Amino acid sequence: MQQRRRRLAALVAMLTGLAALGVTATSAGATHREPRVCERWSDPDAGPPAPRGRARGIGSTALADRCLRLNDLQSIGSHNSYHRQPEEPLWSALQAFDAGLARSIEYTHSPLPEQLAGEGVRQIELDVFADPDGGYYDQRRLLPLLGLPADSGVPELEAPGFKVLHIQEVDFLSSCWTFVQCLEQVKGWSDANPRHVPVAILVELKDDPIPDPLGVGFVPPVPIGPAELDALDAEIRSVFPPDRVISPDDVRGSHATLEAAVLADGWPRLGAARGQVVFLMDNGGRYRSDYLAGRPNLEGRVLFTNASPGDADAAFVKRNDPLTDGEEIRSLVRAGYVVRTRADADTEQARTGDTTQRDAALASGAQWVSTDYPVPGRAAPLGSDYVAQLPEGAVARCNPVGTGPACRDRALAREGR
């Protein structure tokens, strides 16, 4: 009897809270929200919060889940998240031959699960090279000149499928060798943390050849075209089931275009998006055109393309320079697009300690701010204490451009079961 009374009391408290929140049932599984409490969470122009800052019977995390959308958050991302600095003797050779290149790649990231679990990262970046037959990047043709074997000795590189690396032949060390392996690491962490805020996975498609000044036979990358893009989608689907991925079809719904959807109804609510991932294409140009061919609104696709406002597929926009593009980023965020920008680049900020770009990136409201230095001490070998992270190392915060005065950062970060 006492247990039944407790359940009844909990139900009454929930219904009372929903009424205060302005949520009423309209049909099985559907809800309608009146702009009462929620507008003070999600509308930057709303008035001050109610004295208690919450609806009766509903905690701040529940309010965040119901009131906020994916694009109302801001998180830190890592740049070239798989990257490991080249090892000796290749490292010294690169420094002697191309000091500028060596300077720009002098960083190493923790393995992906560690970034997600302990470094506050909620956006990762993976560079992918097509390798449909396997073994294409198994031989490092420069290494015999340094007295090392050409064979990588990495079994994963022998298997067919996309490989993850930065620059073929010269900057190839990775914490996860294949695209599928990287995704499996993310999914394993996600499975263990099913209420995490959405994790964005930025994919850069690579097929540019590099100069071969010593004539050692560098292999030209496999061109990435329509067939390879279909294979990329298939690899993603081999790891993540549909209910774990926020897809363009999910966001577009019944709207005529993807852009119309994000400008009207917006992105999924935080509560629905927890435990999910969203895939973004870094590239534009022919890669985007091929990916859109016959699917102008990304029908049936997995990745959101890097588009421009006014395009039918415009939902994600990349603007890497917040110093130049800060005001544009703020306008894009207010309109409903999601944006990725960068806090630092090419190790420069880590050497100087300059936080100007970082501060501009965070203030811009871009949903994902990418860095090579998400934790204190990472820049110390380069001579500074530079770090790019949210206050208190949080995994997410209320977007400084797109949320209202009642939004509470701590409500977003409660990712436990």
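Visitor: How do helix 8 and helix 12 pack, at what angle and how far apart are the axes?

Guide: In this predicted model, helix 8 (residues 226–239) packs on helix 12 at an angle of about 70°, and the axes are 9 Å apart. The two helices are therefore roughly perpendicular to each other.

Visitor: Which residues meet there?

Guide: From helix 8 you have Pro226, Leu229 and Asp233, and they meet Tyr287, Asp290 and Tyr291 of helix 12. By class, the contact of helix 8 with helix 12 splits into four nonpolar, no polar and two charged residues.

Visitor: OK, what about helix 13 and helix 15, how do their axes cross?

Guide: Helix 13 (residues 322–335) and helix 15 (residues 356–364) have axes that come within 8 Å and cross at roughly 10°. That pair is therefore roughly parallel.

Visitor: And who makes that contact?

Guide: On the helix 13 side, Pro322, Leu323, Gly326, Ile329, Arg330 and Val333. On the helix 15 side, Thr356, Gln357, Ala360, Ala361, Ala363 and Ser364. The contact of helix 13 with helix 15 has seven nonpolar, four polar and one charged residues.

Visitor: Staying on helix 13, where is the kink centred?

Guide: On glutamate 328, and the kink is about 35°.

Visitor: Which residues of helix 13 are buried?

Guide: Pro322, Asp325, Gly326, Ile329, Leu332 and Val333. An α-helix has 3.6 residues a turn, so residues three or four places apart point the same way.

Visitor: What covers those buried residues of helix 13?

Guide: The cover includes strand 9 (316–318), strand 10 (338–342) and helix 15. Helix 15 is the partner that crosses helix 13 at roughly 10°.

Visitor: Zooming out, how many helices and strands does the protein have?

Guide: There are 16 helices and twelve strands. The protein has 417 residues, and 53% of them count as buried.

Visitor: What about glutamate 348 and arginine 103, how far apart are they?

Guide: Along the chain, 245 residues; between C-alpha atoms, 8.8 Å. Glutamate 348 belongs to helix 14 (residues 348–352). Its relative accessible area is 33%, so glutamate 348 is partly exposed.

Visitor: And proline 194 with arginine 244, what are the distances in sequence and space?

Guide: They are 50 residues apart in sequence and 9.9 Å apart in space, C-alpha to C-alpha. Proline 194 is in the loop between helix 7 (179–192) and strand 6 (199–205). Proline 194 is partly exposed too, with a relative accessible area of 33%.

Visitor: Switching to backbone geometry, which residues does a cis peptide bond join?

Guide: Glutamate 88 and proline 89, with omega at about 5°. Proline 89 is in the loop between strand 3 (73–78) and helix 4 (90–97).

Visitor: Is leucine 298 buried or exposed?

Guide: Leucine 298 counts as buried, because its relative accessibility is 0%.

Visitor: And what about phi of glutamate 392?

Guide: Phi of glutamate 392 is positive as well, near 60°. This glutamate 392 is in the loop between strand 11 (368–371) and strand 12 (397–398).

Visitor: Buried or exposed, for glutamate 392?

Guide: Exposed: the relative accessibility of glutamate 392 is 83%.

Notes:
Residues are numbered from 1 along each chain as its sequence is written. This is a predicted model: local features need pLDDT of at least 70, side-chain atom pairs count only at pLDDT 80 or more; totals for chains, interfaces and linings use all residues. Side-chain values use heavy atoms; hydrogens and water are left out. Axes are lines fitted to C-alpha atoms, for helices over the stretch in contact, and angles run from 0 to 180 degrees between N-to-C directions. Helices (H or I, at least four residues) and strands (E, at least two) are DSSP runs, numbered from the N terminus. Angles under 35 degrees count as roughly parallel, over 145 as roughly antiparallel, 65 to 115 as roughly perpendicular and the rest as oblique. Contact means heavy atoms within 4.5 Å. Ala, Val, Leu, Ile, Met, Phe, Trp, Tyr, Cys and Pro count as nonpolar, Asp, Glu, Lys and Arg as charged, and the others, Gly among them, as polar. Buried means under 20% relative accessible area, exposed over 50%, partly exposed in between (1.4 Å probe, protein chains only). The bend at a residue is the angle between axes fitted to the seven residues ending there and the seven starting there.
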